[in-house]
Amino acid sequence: MRRAKFLHVWFLLPCFAVVLFLVVFPLIYSLSLSFFSWNLTMAYLGKAWVGLDNYISIFTEDERFWKTLSNTFLMVGLAVGVEFLIGIGLALLLTREIPGRKIFSVVLLVPMMIVPVVVGMVWRLLYHTSYGLLNFFLRSFHISEGIDWLGDPSVALYSIIIADIWQWTPLIFLILLGGIMSLPKEPYEAAQLDGASTSQIFIYITFPLLKNIITIALLLRTIDAFKLFDKIWVLTQGGPGLTTENIPMYIYYKAFRYFDMGYAAALSYILLIIVSTIATFLLRSLFVTTK
Amino acid sequence: MKIKKLAFLTGNFIIIAVVMILTLLPIFWLVVTSIKPAGEITTRVPIFIPTKPTLSNYKGVFFPETGSLYQKAGVAREMLSVTGWVGIKNSIIVTLLSTGLAIGIGLLAAYAFARLRFKGRDTLAFWLLSTKMFPPATVILPIFIMMNRFRLVDTQIALILAYLVFNLPFSVWMLRGFFTEIPRELDECAMVDGCSHLGALAKIILPLLIPGIIVTAIFCFIFSWNEFLFALILTRVKAQTFPVQVSAFLGVKGIQWGPMAAFGLAGSIPPLVLAIAAQRYLVRGLTYGAVKE
């Protein structure tokens with residue numbers, strides 16, 4: 001009987017051993033590292049305890065941090081916002097039986113499944129100032145003489161957002177389409193009998209029923225957008241200047257270019273806190289829907 | 001009334017057509033660039049249908065006659081002898097082994113979460129899933145220091161382990177969902193007949209779980225195949241995976257677009273094929289089981 005009581009321990013042991021080694025230990029280690037000053041380019045100084053100094057200088061002196069933080073929020077907000085609007089528009093359009101709907105869903109699946117680094121490369125080619133396709137279209141329709149998509153500080157951030165929108169709008173579309181298709185039919189029949197208009201049906205029936213799935217789609221994309229690294233790396237490496245650098249990019253530079261390990265650890269904890277706050281909300285809605 | 005409906009349908013049709021074109025244009029461009037000879041890529045007026053389509057870009061990446069794909073890009077000397085096979089081979093090994101481990105370890109944990117009763121079960125399951133959402137940038141620094149200490153940097157083992165960070169929580173969570181869809185009576189019957197928990201798992205439930213296992217494995221495969229940040233930091237030359245090798249085309253002397261497109265397209269095929277195979281479960285996987293269409 002005693003054996004059965006602790007049976008779950010044996011089943012969970014391998015899993016939690018891995019998590020302990022690869023997640024818990026690293027998290028504790030980087031938390032402690034964030035209270036040290038440890039620069040590998042000045043290794044002779046060794047590790048020195050500095051308490052909260054890293055955090056204090058991040059928040060009070062580090063202009064680059066505030067710039068990259070605002071870049072991050074701008075990218076997340078704009079990308080997820082536009083992806084959501086296009087995604088829900090298309091999903092509502094395609095709930096009706098339209099010829100070619102199946103092909104459309106398969107086609108929209110393709111961008112999501114192209115390796116993100118390759119997506120970055122393709123867009124880099126499309127954005128090329130002299131032989132890129134986008135500038136060719138702008139020239140041929142006499143809209144402009146061509147835009148420096150990745151080199152102009154006021155444009156580069158939006159170029160990255162466009163590439164992200166291209167790749168991830170389909171995800172929101174597919175999630176919402178799946179959600180809409182699984183809605184119960186009865187409320188719609190009742191509403192039609194009562195003579196409700198299309199917009200009334202959307203506001204009073206579809207939207208409330210879909211609220212949970214919308215929340216999940218938005219939070220999933222938001223969390224992912226906070227981690228964006230590969231496309232920025234390929235498209236601009238954070239430049240020109242700091243205009244497209246987000247927090248993950250900044251952490252990378254601090255840790256692996258300047259080897260300022262303590263400071264990078266502190267930065268990464270700030271990102272962790274932001275993302276886990278959002279993740280808590282996501283987990284809560286997942287809990288409600290998967291129960 | 002009829003005209004209104006017709007206008008509505010045409011409107012829908014136009015929107016769908018535009019979205020399809022915008023979606024497919026970059027992919028079309030990747031395909032076309034990959035079969036263009038060098039002279040037709042960097043023209044001021046783009047060539048949409050190559051006049052002399054060629055497979056030389058593919059040949060140059062995978063079967064180089066002289067030098068390797070990086071020679072013209074001006075990258076570090078130790079990478080000059082590397083062909084496209086290195087990245088593909090490393091990606092296959094890392095992806096398959098990491099996926100296999102995640103499924104094996106994940107099955108045991110998922111069984112406990114779905115079938116056994118113990119204190120704090122749901123809390124623990126949720127905490128585990130939350131680790132999947134951590135930004136990799138947060139754990140990459142300590143993992144790098146750790147791997148460096150064990151002299152595992154630039155080995156496939158480093159990436160296989162690192163990818164468990166996101167594959168394992170995902171696999172446990174998804175498999176737990178598939179477990180709960182199998183009626184509990186089945187394994188209870190088996191245990192009444194004298195099977196142990198492990199025996200019931202292996203003989204009765206596992207065969208029923210195979211579709212779920214395949215779907216979960218496909219997702220782990222895609223996540224690992226596409227991963228860039230861990231691969232960038234934990235590999236140098238020998239163990240570099242496909243995405244890192246693609247990014248190496250950003251050499252100092254300008255990008256070789258033709259070979260890049262050929263390589264990028266070839267390496268994108270495995271996840272694409274798997275995603276289309278698992279299309280029915282795609283949304284379910286991408287929403288951690290929240291939307292079951």
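**How two chains meet**

Modeller: The axes of helix H6 (residues 116-126) of chain A and H1(B) come within 10 Å and cross at roughly 85°. This is a predicted model, where local features need pLDDT of at least 70, side-chain atom pairs count only at pLDDT 80 or more, and totals for chains, interfaces and linings use all residues. Residues are numbered from 1 along each chain as its sequence is written, with chains lettered from A and ligands numbered from 1 in the order in which they are written.

Colleague: Why are H6(A) and H1(B) called roughly perpendicular?

Modeller: Angles of 65 to 115 degrees count as roughly perpendicular. The axes of H6(A) and H1(B) cross at roughly 85°, and the pair is therefore roughly perpendicular.

Colleague: Which residues of H6(A) and H1(B) meet?

Modeller: Val122(A), Trp123(A), Leu125(A) and Leu126(A) meet Pro26(B), Trp29(B), Leu30(B) and Thr33(B). Contact requires C-beta atoms, placed from the backbone, to lie within 7 Å.

Colleague: What classes of residue make up the contact of H6(A) with H1(B)?

Modeller: Seven are nonpolar, one is polar and none is charged. Ala, Val, Leu, Ile, Met, Phe, Trp, Tyr, Cys and Pro count as nonpolar, Asp, Glu, Lys and Arg as charged, and the others, Gly among them, as polar.

Colleague: How many residues does each chain bring to the contact between chains A and B?

Modeller: Chain B brings 78 residues and chain A brings 76 residues. On the side of chain B that touches chain A, helix H1 (residues 2-34) gives the most, with twelve residues. Helices here are DSSP runs (H or I, at least four residues), numbered from the N terminus.

Methods:
Two residues are in contact if their C-beta atoms, placed from the backbone, lie within 7 Å. Helices (H or I, at least four residues) and strands (E, at least two) are DSSP runs, numbered from the N terminus. Axes are lines fitted to C-alpha atoms, for helices over the stretch in contact, and angles run from 0 to 180 degrees between N-to-C directions. Angles under 35 degrees count as roughly parallel, over 145 as roughly antiparallel, 65 to 115 as roughly perpendicular and the rest as oblique.
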